[in-house]
Amino acid sequence: MISVRELTKVYRQPARDVVALDNITLDIDDGEIHGIIGRSGAGKSTLVRCLTLLDRPTNGSVVVGSQNLTAVSDTELRNARRRIGMVFQHANLLSSRTVADNISLPLESGKKKKADRRAKAKELLDLVGLSGLEDTYPAQLSGGQRQRVGIARALAADPDVLLCDEPTSALDPATTDDILKLIRAVSDRLNLTVVVITHEMSVVKTLCDSVSLLDNGKILDFGPLSQVAANVNSDLSRALLPLPTHEAASADLVIEVVGSQDAVNIPIATKIAAEHSVTVDIAAANIETLGDARFAHYLLAIDSDTQINLTGIEATLVRNGYSIRTRAKEGVQA
Ligand SMILES: Nc1ncnc2c1ncn2[C@@H]1O[C@H](COP(=O)(O)OP(=O)(O)OP(=O)(O)O)[C@@H](O)[C@H]1O
Ligand SMILES: [Mg+2]
């Protein structure tokens with residue numbers, strides 16, 4: 001369990017102070033994969049540094065497991081950090097060391113014997129799908145393979161938590177997919193809690209159980225993926241279920257809706273047309289699967305020769321499990 005309370009980080013600058021994190025509160029359950037998505041400058045890397053206390057928060061607390069990292073001594077903090085594995089955009093391997101020696105690097109300060117460290121490196125190489133490469137050097141590996149070694153190194157000290165800062169930003173789409181699958185497999189197998197920092201919604205879609213939207217140091221939206229996606233009024237929903245490029249819908253009434261699970265199977269446009277004597281044009285649509293649930297995002301353009309019953313149409317949508325955002329022309333009465 002990771003529990004962040006009222007976390008604030010202000011960088012004091014001669015010209016003006018920069019509030020990089022502004023009162024962030026966040027809970028991540030054991031074994032959960034949580035995505036933190038945000039634009040450049042949103043505060044993502046600052047958050048990662050504050051989670052491990054590599055950067056001291058100006059205010060607030062970070063609890064990992066049962067330990068309040070903001071309240072422990074330096075020695076305890078050093079030990080606590082060993083329970084947190086870090087994966088970065090670039091694996092940053094030491095070129096003069098073999099793959100096995102890179103992986104066992106985090107163990108060198110401990111009491112483990114050399115043979116044990118090598119056995120651990122071998123076991124982790126099997127886990128990340130690079131069996132047999134222990135004596136190769138980083139320069140002999142592809143970018144994706146290097147990132148696998150980076151993940152293996154992050155797991156060397158048997159952490160409870162894996163923090164990944166843009167783990168796939170430097171990789172091509174196919175390799176990205178492989179690495180995301182690997183992170184998922186490792187999390188499931190070791191019951192690791194994973195925090196993934198990214199600016200790519202595709203990473204959140206393929207990997208995460210839950211997500212936070214970070215903007216300007218604040219969390220604007222957060223929740224389980226299925227929950228945020230199902231709310232058409234959430235910024236994250238629009239990013240998770242984008243509509244394809246479409247003409248601006250001009251109709252008496254335009255309703256944007258998102259439905260999930262059973263709602264997706266209802267022929268909602270036909271139903272509204274039949275129940276309310278209107279014509280319904282689906283101006284744009286996106287149906288896709290996130291996690292194990294199906295979602296439908298529609299832009300419905302509704303016209304009628306007679307008075308439109310807005311309240312009735314909205315009630316039909318809500319009754320059938322759709323979340324709604326409505327734009328009505330003047331003259332359409334609720
Ligand atoms: N050491 C620092 N001193 C002063 N300001 C900083 C420092 N580190 C970060 N900032 C500022 O804090 C804000 C957040 O920066 P941060 O690096 O966390 O963003 P980010 O979301 O990781 O962006 P990117 O996607 O580009 O990596 C920015 O306005 C940045 O200029
Ligand atoms: Mg960053």
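The structure holds one cavity of 30 Å³ or more, a cavity being a set of points, on a 1 Å grid over the protein atoms alone, where a 1.4 Å probe fits but cannot get out. The model is predicted, with local features requiring pLDDT of at least 70 and side-chain atom pairs pLDDT 80 or more, while totals for chains, interfaces and linings use all residues. Residues are numbered from 1 along each chain as its sequence is written, and side-chain values use heavy atoms, with hydrogens and water left out.

The volume of the largest cavity is about 30 Å³, where a volume is the space filled by probe spheres set on grid points joined across faces, edges and corners. Its lining, made of residues with an atom within 4 Å of a point, consists of Ile2, Leu51, Thr52, Val64, Ile84, Val161 and Leu163. By class, this lining of the largest cavity comprises six nonpolar residues, one polar residue and no charged residues.

Strand 3 spans residues 33-37, and five of its five residues are buried, that is, under 20% relative accessible area with a 1.4 Å probe and protein chains only; strands are DSSP runs (E, at least two residues) numbered from the N terminus. On one side of strand 3 lie Ile33, Gly35 and Ile37, on the other His34 and Ile36, and both faces are covered. Strand 3 pairs in the parallel sense with strand 8 (residues 193-198) over five bridges, pairing requiring at least two bridges found by DSSP, and with strand 9 (residues 210-215), also in the parallel sense, over four bridges. Gly35 stands opposite Val196 in strand 8 and opposite Val211 in strand 9.

Conventions
Chains lettered and ligands numbered in written order. Buried < 20%, exposed > 50% of the residue type's maximum accessible area, 1.4 Å probe, protein only. 1 Å grid on protein atoms, 1.4 Å probe; cavity = no way out; pocket = protein on both sides within 12 Å on 5 of 7 lines; lining within 4 Å. Nonpolar A, V, L, I, M, F, W, Y, C, P; charged D, E, K, R; others polar.
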